[in-house]
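Dear colleague,

I am handing over the structure below, together with an account of what was found in it. Please read the account with the structure open beside you.

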Amino acid sequence: MKYQTQKIALAYMGTALGLFAIQVLMGLIIGWIYVQPNFLSELLPFNIGRMLHTNALIVWLILGFFGAAYFLIPEESEREIHSPFLAYLQLAILVVGTLGAVVTYTFNLFEGNILLGKDGREFLEQPLWVKGGIVVAALIFLFNVSMTVLKGRKTAITNILLLGLWGLALLFLFAFYNPGNLALDKQYWWYVVHLWVEGVWELIMAAILAYLMLKLTGVDREVVEKWLYVIVALSLFSGILGTGHHYYWIGTPGYWQWIGSIFSSLEVIPFFAMMAFAFVMVWKGRRDHPNKAALLWSLGCATLAFFGAGVWGFLHTLHGVNFYTHGTQITAAHGHLAFFGAYVSLNLAIMSYAFPMLRGRDPYNQVLNMASFWLMSGGMVFMTFTLTFAGTVQTHLQRVMGMSYMEVQDQVWIFYVMRFGSGVAVVLGAGLFIYALAMPRREVVARAVAAE
């Protein structure tokens, strides 16, 4: 580790891992509710549990992105972070806002209060004061990292990363606009949700993955940057108008069915390019880097993102298919593998690379880390298949045969049992990963044993 301010990343990544643990545990609980619907029905209703699950996911991923930025920008810019104080202030604001949101959701506080109560929009349920805090924290972050980059060396990685992070912050402003017209509300709501995960987050993903390939493979920067620019161009070209696949059935004009279908079909290309990029870099580099776990997570990220976001997204993105499948368990299958492949694995990859250096444990025992990869990835792939089969049966019985929703749920119950089993594997893998990174340094343990 060359720069002292890179240690800021440790606080962000540690907080992110704490929320990651909460997210997967909550996912396991609501997975069991699908099997036993009355489980915790009064103490923790399903809608509250789902809010905690999805919001924890979004917040910990963003904290991971911030941590990755604070880790790699000093190296890329060849200078220390502009203001460590602002970085820690930003983290404190985000932690307070997260805790406030969790308490508000769990105990259903201030119901109906426009400032203090939860919002009713999916993924954007945060109370207004929390949203305001997020904007303040984002402005602090953007000022801090932008000043660092502007005063230091400029690279394609920092340029693309900043573009993605600025886009993330600016698009979140649509979360404050909540029109009374439901069709209009959904149109702007997707500006946040879609243009994040299928737009600017892809830029952040490409930049962090390029940094990892640069460090892990030893390939020339010029080669990495050429790939990076191609992937970013493909992502923006397909992702922006690809928003149209959410507009099919919300009351927007019919031409969105054609625009959405065409450009959404093209969204598989940047994810294929990202997968090809990762494997070609490893093949060209032929470098035996000691951190095998970080390399495994990086390749797993590119591969699972291609299948989850690319292939499974393509399966039901054409409007003729989506007419039957939207809102079924097929959507859940796509969402789980896409998020895990593209963004969860990316964060775990950069953490696997950064943590040994940040904690002075480089190299370190990576067996547990790699075992956690196979546990989590295997569990998530199995979960995706069970949800895909459940969604296929659900689509036929409910949307084609006309059976009622609850009748169909009885028919797909066995798939929910299998999904819960795969969720257990994911939680065990997550616990193993956190232990592998957080376990004390060997020399510290040795000193403690010697003292006894």
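A salt bridge is taken here to be a side-chain nitrogen of Lys or Arg within 4 Å of a carboxyl oxygen of Asp or Glu. Please keep in mind throughout that this is a predicted model.

With that rule in hand, we can begin with the charged pairs. The side chains of Glu75 and Lys215 form a salt bridge, with 2.8 Å from N to O. Since Glu75 belongs to helix 2 and Lys215 to helix 6 (residues 182–217), the pair ties together parts that are 140 residues apart in sequence. Glu75 counts as buried, its relative accessibility being 11%.

By this rule the model has 9 salt bridges, and another of them joins Glu122 to Arg50, where the distance from N to O is 2.7 Å. Glu122 sits in the loop between helix 3 and helix 4 while Arg50 sits in helix 2, so this pair ties together parts that are 72 residues apart in sequence. Both partners count as partly exposed, Glu122 with a relative accessible area of 28% and Arg50 at 31% relative accessibility.

Lys118 and Glu111 also form a salt bridge, and their closest N and O atoms are 3.1 Å apart. Here Lys118 is partly exposed at 23% relative accessibility, whereas Glu111 is exposed, with a relative accessible area of 57%. Besides these pairs, a network of salt bridges links Glu76, Arg221 and Glu225.

Helix 2 gives the most to the lining of the largest cavity, namely 9 residues.

Helix 1, helix 14 (405–411) and helix 15 (413–438) are the elements that give two or more residues to the lining of the second largest pocket. Helix 14 gives the most to the lining of the second largest pocket, with 4 residues. The lining of the second largest pocket divides into 9 nonpolar residues, 1 polar residue and 1 charged residue.

Two threonines may also be worth a look. Thr252 is placed in the loop between helix 7 (221–239) and helix 8 (255–266), and is buried, with a relative accessible area of 16%. A polar atom of the Thr252 side chain lies 2.5 Å from the backbone oxygen of Tyr247. If residues up to four places away in sequence are not counted, Thr252 touches Gln187 and Tyr247.

Thr384, for its part, is placed in helix 13 (residues 367–400) and counts as buried at 1% relative accessibility. A polar atom of the Thr384 side chain lies 2.8 Å from the backbone oxygen of Met380. Leaving aside neighbours within four places in sequence, Thr384 is in contact with Trp312, Ala333 and Leu337.

Is Phe174 buried or partly exposed? Phe174 is partly exposed, because its relative accessible area is 27% and the class of partly exposed residues lies between under 20% for buried and over 50% for exposed. When residues up to four places away in sequence are not counted, Phe174 touches Arg121, Tyr188, Tyr191 and Val192. Of these, Tyr188 is 14 residues from Phe174 along the chain, and the C-alpha atoms of Phe174 and Tyr188 are separated by 6.4 Å.

With best regards

Key. Residues numbered from 1 in each chain as written. Predicted model: local features only at pLDDT ≥ 70, side-chain atom pairs only at ≥ 80, totals over all residues. Heavy atoms only, no water. Buried < 20%, exposed > 50% of the residue type's maximum accessible area, 1.4 Å probe, protein only. Polar contact = N/O pair within 3.5 Å; in protein donor to acceptor, adjacent residues only side chain to side chain. Contact = heavy atoms within 4.5 Å. Nonpolar A, V, L, I, M, F, W, Y, C, P; charged D, E, K, R; others polar.
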